[in-house]
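This report describes how two protein chains meet in a predicted model. The sequence and structure are shown first, and the description follows.

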Amino acid sequence: MNVHPGTAKPVEDPMLPLTYEVVGIKKELPDTVTLDLRAPNGMPFEFEPGQFNMLYAFGVGEIPISISGDTSDPMQLVHTIRVVGKVSQAFAKLKEGDSIGVRGPYGVGWPVNNIKGSDVVIVGGGLGLAPLRPAIYSVLANRGQFGNVVILYGARTPNDLLFEEQLHEWRGRFDLHLDVIVDRAEAGWPGRVGVVTQLIDNAVFDPEETAAFVCGPEIMMRYAVQALADRGVDTKNVYVSMERNMHCALGFCGHCQFGGTFVCRDGPVFAYDTISELFTTREA
Amino acid sequence: MVDQRDMASIIGEVGFFDGLPPDTLELLAGCAKNVRFNAGDYIYREGQAADTFYIIRHGSVAVQLHVPGRRPLVIESLTTNEVLGWSWIVAPYRWSFDAQCVTLVRALAFDATCLRTKMETDCAVGYEMLRRFVTVMSQRLRGTRIRLADMYAPTVNAAD
Ligand SMILES: Cc1cc2nc3c(=O)[nH]c(=O)nc-3n(C[C@H](O)[C@H](O)[C@H](O)COP(=O)(O)OP(=O)(O)OC[C@H]3O[C@@H](n4cnc5c(N)ncnc54)[C@H](O)[C@@H]3O)c2cc1C
Ligand code: FES
């Protein structure tokens, strides 16, 4: 018999979603919502930072979405979703009390436990902060086990900053350094304008003792990895989260496959060195 | 008042001048002074003569494009240890944008005429300065090009 990985509940079919209730909705941005979900039977949902679930909008379809909540609060399953097409649109229209299907968690996440003792540089771009948030919670919950902790976040404009209240809260802490930069802004924005790689150039960390987690649009990750390497960070200590179309999320169907690697099963988080060729493969 | 020797050692601590020999630092110090601006002050305006260049020692400056009928657009912000302005090195030596202080700003200001004269009479100094400015220009151009890709834009309009 299979075991549902998130809840340790035996299920007949690993493709079969469990029904979760929407218990909270937060509109983060005009096109982005965060859903708080609860298993009707009140069972906890255990996961690792960086893992994802397949979320099913009944009658519409199923999509992979990273978990954006806190591993230390397993009673609350949290997902942050940006509307791009019909399934994500259906999630954005949900109301409290509605139900969705959830199967997971899947994949390999951020190796938070393997980088203890290092400086940690977390680089997020746009919605890429959502899959990084569980890693940030986890690092901060064990703050004494890491060296410098640096969070660098880039977004399109000041109106596109995700988790703004939390950014303020993190910025107020003495034990981490957080810097935000936007691509463009109107006069009056007190923060930085430029590319997120500029923040890497000036951040305080020891490159030889640094592990970096990078998540955002692929183009942003490519330049961020390059900027980290230029600072002297070994790219085998740089981890990136990849997005590929998915169907089964179990390593069966091959939808997410490149070469011998399945993003759903071997990722979505990879050490950059192991998938660097993916970043340089041109589609046309 | 900072004397020339102190100024040379201040300049020597700025990353942009890393590796310059002491006599070059002395030479640059002869063209430099400390300046201070308040938040909201304009350091320069588009179209004015570019007769100075700055290294920011403290604070943040917004490089702005004035767009008629709209609020000015910040195209880049610069902060501690960063170079502000290169129009002084490229004819016709006029600023292309406005530079407004976001916070109190302390900076090293270099007299452009003085520097250009020294760069022309001492080719080694000229080469070193150009080499450093080309690096900064190339980094900024790369940043601008990456931003042109509008990489955070949603793939599909949510309203579609
Ligand atoms: C491991 C993993 C984790 C993810 N985590 C999140 C998350 O936390 N939050 C979130 O909002 N999204 C996340 N995504 C992306 C999400 O799965 C897609 O946005 C979703 O599948 C789109 O489905 P749709 O039916 O709404 O749009 P579709 O109708 O499938 O697509 C509409 C348009 O969007 C484009 N598109 C589809 N998928 C993507 C994508 N991944 N990136 C950019 N454009 C895309 C399509 O090419 C098409 O033009 C993740 C994807 C993966 C693989
Ligand atoms: S989604 Fe089916 S193999 Fe990865």
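Strand 12 of chain A pairs with strand 5 of chain B, residues 73–78, in the antiparallel sense over 2 bridges. Within this pairing, A:Ala185 has B:Val74 of strand 5 of chain B as its bridge partner.

The contact between the chains extends to 31 residues of chain A and 25 residues of chain B. The size of an interface is often given as the accessible area lost when the parts come together. For chain A and chain B, this buried area is about 2500 Å², and 54% of it lies on carbon and sulfur atoms. On the side of chain A, the residues that lose the most area to chain B are A:Arg156, A:Asp183 and A:Ala187, which together account for 21% of what that side buries.

Polar interactions also link the two chains. There are 10 residue pairs in polar contact between chain A and chain B, counting pairs with both residues at pLDDT 80 or more. Several elements of chain A give two or more residues to the side that touches chain B: strand 10 (149–155), strand 12 (185–186), strand 13 (192–193), helix 4 (196–202) and helix 5 (218–230). Helix 5 of chain A gives the most, with 5 residues. By class, the side of chain A that touches chain B consists of 13 nonpolar, 10 polar and 8 charged residues.

The interface also holds 3 salt bridges according to the rule applied. One of the salt bridges joins A:Arg192 to B:Glu82, with the closest N and O atoms 3.1 Å apart.

The next residue is considered within chain A. A:Gln51 is located in the loop between strand 4 (32–38) and strand 5 (52–57) of chain A. Because its relative accessible area is 9%, which is under 20%, A:Gln51 counts as buried. A polar atom of the side chain of A:Gln51 lies 2.8 Å from the backbone oxygen of A:Gly107. Leaving aside neighbours within four places in sequence, the residues in contact with A:Gln51 are A:Ser66, A:Ile67, A:Pro105, A:Tyr106, A:Gly107 and A:Gly109.

| Property of chain B | Value |
|---|---|
| Helices and strands | 4 helices and 8 strands |
| Span of the C-alpha trace along its principal axes | about 65 × 30 × 30 Å |
| Buried residues | 44% of the 160 residues |

From the N terminus on, the elements of chain B follow the order α-α-β-β-β-β-β-β-β-β-α-α. Among contacts in chain B between residues at least 6 apart in sequence, 75% join residues at least 24 apart.

Notes: Residues numbered from 1 in each chain as written. Chains lettered and ligands numbered in written order. Predicted model: local features only at pLDDT ≥ 70, side-chain atom pairs only at ≥ 80, totals over all residues. Heavy atoms only, no water. Contact = heavy atoms within 4.5 Å. Buried area = accessible area lost by both parts, 1.4 Å probe. Salt bridge = Lys/Arg side-chain N within 4 Å of Asp/Glu carboxyl O. Polar contact = N/O pair within 3.5 Å; in protein donor to acceptor, adjacent residues only side chain to side chain. Nonpolar A, V, L, I, M, F, W, Y, C, P; charged D, E, K, R; others polar. Pairing = 2+ DSSP bridges. Buried < 20%, exposed > 50% of the residue type's maximum accessible area, 1.4 Å probe, protein only.
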